[in-house]
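Hello,

Here is the structure I promised to pass on to you. Have a look at it first, and then read my notes below.

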Amino acid sequence: MKLIGVMGNGGSGKTTFSEHLDKRENVGVIHVDDLVGEIKRKYFKMFLQPKENNTTENTKSNPKLKSSSKKFFYQNKFTFKFLMLVRSKMIERELSRKIEEFKSSGKGLIVIDDWALSTHKKLFPKFNHIYTVERPYLSRRKGIQERDALTTKEAKVNDLPYALGFLKTAVGENTSIIKNEGTIKELQNRADLEYERLGELTFDEKYNVRDKANLRNVTQNLTKLSCKEKSETIR
């Protein structure tokens with residue numbers, strides 16, 4: 001069993017990347033924002049924006065905080081660290097429970113998707129591999145504004161932890177940067193490629209990959225043979 005982390009700024013494509021992996025039988029995915037959303041509704045109602053401002057699919061599961069509250073915590077290194085410590089502590093038990101649940105069900109790959117992945121001090125060193133998804137600023141900003149119905153001001157506040165360097169790209173031997181510069185399909189194809197590289201293919205998946213490779217080789221050989229026959233005919 002391998003534990004994989006997916007991190008990156010809001011709107012970078014983390015969810016698209018991890019949800020595509022989740023389509024595989026051998027993979028279990030945990031979206032940390034879903035756990036945080038439950039805690040917000042339970043303990044931090046007074047800090048949430050009104051219901052009418054939480055109408056998108058994403059903000060219903062993970063309600064938006066008031067911009068003033070979020071800015072207070074996000075623009076200062078010490079208040080941000082304190083908020084992330086509280087956040088990590090409050091979801092720690094549920095996160096561990098979900099990981100154990102996936103282990104017990106025999107999942108070969110457990111993926112944890114979180115923009116603030118590095119703030120989980122106990123969990124972070126345990127990852128076998130960490131992916132940081134990056135996307136050009138303008139398209140990322142447009143995407144997150146549409147997804148969460150954010151104003152430009154709200155989107156800028158969301159960017160503060162990375163913009164101020166409180167959160168940084170994971171570095172080291174077992175880390176990779178995923179450049180999300182194209183379509184959703186291209187990002188999903190990259191997810192498939194990374195899954196194969198991680199070496200957790202099931203027997204059926206290995207057979208299918210090998211079968212596809214053989215089919216590709218046969219197609220290439222037939223194309224070469226056809227070109228050769230045409231060349232000889234011309235002569």
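Are Phe-80 and Trp-115 buried or exposed? Both Phe-80 and Trp-115 are buried, where buried means under 20% relative accessible area, exposed over 50% and partly exposed in between (1.4 Å probe, protein chains only).

Before going on, please note that this is a predicted model, in which local features need pLDDT of at least 70, side-chain atom pairs count only at pLDDT 80 or more, and totals for chains, interfaces and linings use all residues. Residues are numbered from 1 along each chain as its sequence is written, and side-chain values use heavy atoms, with hydrogens and water left out.

Now to the rings. Rings of Phe, Tyr and Trp (its six-membered ring) pair if their centres lie within 6.5 Å; planes under 30 degrees apart count as stacked, over 60 as edge-to-face and the rest as tilted. By this rule there are eight aromatic pairs. In one of them, Phe-44 and Phe-47 have ring centres 6.3 Å apart and planes at 45 degrees, so this pair is tilted. Phe-44 is partly exposed, at 27% relative accessible area, and Phe-47 is partly exposed too, at 31%.

The pair of Phe-80 and Trp-115 is also tilted, because the planes are at 45 degrees, with the centres 6.4 Å apart. Phe-80 sits in helix α5 (residues 77–104) and Trp-115 in the loop between β3 (109–113) and β4 (129–134), so the pair links parts of the chain 35 residues apart; helices (H or I, at least four residues) and strands (E, at least two) are DSSP runs, numbered from the N terminus. Ring pairs join Tyr-74, Phe-80, Trp-115 and Phe-166 into a cluster.

Enjoy exploring!
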